[in-house]
Amino acid sequence: MLTASPAYAGRATYTMPVHAQVINGCTVNALPLIFNVPVPTNLNVDSSTTVTIACTPNIPFTLDIDNGLYANGINRRVFNAAANAYINYDVYKDPPRSQVWGTGGAKNVTGNSGATGIVVMPVYGRLASSARLKAGNYRDTLTVTINF
């Protein structure tokens, strides 16, 4: 005859530590800067757009905008490939368009992400006047960089 061994119920526990580390970080997003240019024109054409920064709250940052793909020396330019033509333009930090926005030093913008971590910054653009613009689509690409 076989006899059954008694069943022993057991239990073991261990506490597992849980840690979370929030790492300071930022992202940047920019809407297109679009100029609608009547032809012919002898006037500058102004436009504006926004750059949105999303960071961990209370992060100091600087924001740079490079010279784009078609700059020649100090001039930013949009390019029309079909017409092989350029138009000078620039981007500014202020509505009167007196402070060029660029990279480094006095040309970048400094700020803080504040309590919400979200900052929406206006960008002001001006396309140079010209009576001899060739009709068509002109393009450039600017790189916006946040340093935090």
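## What buried means here

A residue counts as buried when its relative accessible area is under 20%. In this predicted model, Cys-26 has a relative accessible area of 16%, and because that value is under the cut-off, Cys-26 is buried. Cys-55 is likewise counted as buried, at 10% relative accessibility.

## The disulfide

The model contains one disulfide, and the two cysteines that form this link are Cys-26 and Cys-55, with a distance of 2.0 Å from S to S. The link of Cys-26 and Cys-55 is right-handed, with 115 degrees about the S-S bond.

Another buried residue is Asp-90, which is found in strand β5, a strand made up of residues 85-92, and which has a relative accessibility of 14%. Because 14% is under the cut-off of 20%, Asp-90 counts as buried.

Which residue's side chain makes a polar contact with the side chain of Asp-90? The partner is Arg-76, whose side chain makes this polar contact at 2.5 Å. When neighbours within four places in sequence are left aside, Asp-90 is in contact with Arg-76 and Val-100, and also with Tyr-124, Gly-125 and Arg-126.

How values were computed
Residues numbered from 1 in each chain as written. Predicted model: local features only at pLDDT ≥ 70, side-chain atom pairs only at ≥ 80, totals over all residues. Heavy atoms only, no water. Helix = DSSP H or I, 4+ residues; strand = E, 2+ residues; numbered from the N terminus. Buried < 20%, exposed > 50% of the residue type's maximum accessible area, 1.4 Å probe, protein only. Polar contact = N/O pair within 3.5 Å; in protein donor to acceptor, adjacent residues only side chain to side chain. Contact = heavy atoms within 4.5 Å. Disulfide = S-S within 2.5 Å.
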